[in-house]
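Trainee: Before we discuss any label, could you show me the model, so that I can ask how each term was reached?

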Amino acid sequence: MPRHRSLTSHLYRPARFSRNPRAARKGPVATAERLARRKSYSKSRGATGRLLRMFGLK
């Protein structure tokens, strides 16, 4: 059974998807910066999650 999503979640989803075309309109540099930033954020979140799981906090 799918999880119930909040109204906030439904509102933020289209905003997240609109950021890629917005960066693309600014040019390849803006797009590359966005991709690099997203990659680094995902790496740090993954490391933080592993650390929290080690201590049983997640």
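Mentor: Arg3 is found in the segment before H1, where helices (H or I, at least four residues) and strands (E, at least two) are DSSP runs, numbered from the N terminus. This is a predicted model, in which local features need pLDDT of at least 70 and side-chain atom pairs count only at pLDDT 80 or more, while totals for chains, interfaces and linings use all residues. Residues are numbered from 1 along each chain as its sequence is written, and side-chain values use heavy atoms, with hydrogens and water left out.

Trainee: Why does Arg3 count as exposed?

Mentor: Buried means under 20% relative accessible area, exposed over 50%, and partly exposed in between (1.4 Å probe, protein chains only). Arg3 has 78% relative accessibility, so Arg3 counts as exposed.

Trainee: Why is Arg38 called partly exposed?

Mentor: Arg38, which is found in helix H2, has 45% relative accessibility and therefore counts as partly exposed.

Trainee: Which residues gather in the patch of positive charge on the surface?

Mentor: Arg3, Arg5, Arg13, Arg16, Arg19, Arg22, Arg25, Lys26, Arg38 and Arg45 gather there. Patches are made of residues with over 30% relative accessible area and no salt bridge, like charges being joined within 9 Å and nonpolar side chains (Val, Leu, Ile, Met, Phe, Trp, Tyr) within 5 Å. A salt bridge is a side-chain nitrogen of Lys or Arg within 4 Å of a carboxyl oxygen of Asp or Glu. Lys and Arg count as positive, and the place of a charge is taken as NZ of Lys or CZ of Arg. Helix H1 (7-26) and helix H2 (28-54) each supply at least two residues of the positive patch, and the largest share, six residues, comes from H1.

Trainee: What makes up the nonpolar patch, and why is Met54 called exposed?

Mentor: Leu51, Leu52, Met54, Phe55 and Leu57 form that patch, with about 570 Å² of accessible area together, by the Shrake-Rupley method with a 1.4 Å probe. Met54 lies in helix H2 and has a relative accessible area of 65%, so Met54 is exposed.

Trainee: How many helices and strands are there, and why is the chain called more spread out than a compact globule?

Mentor: The chain has two helices and zero strands. Its radius of gyration is 16 Å, well over the 10 Å that the globule rule gives for 58 residues, so the chain is more spread out than a compact globule. That radius is taken over C-alpha atoms, and the rule is 2.2 Å times the number of residues to the power 0.38. Of the 58 residues, 9% count as buried.
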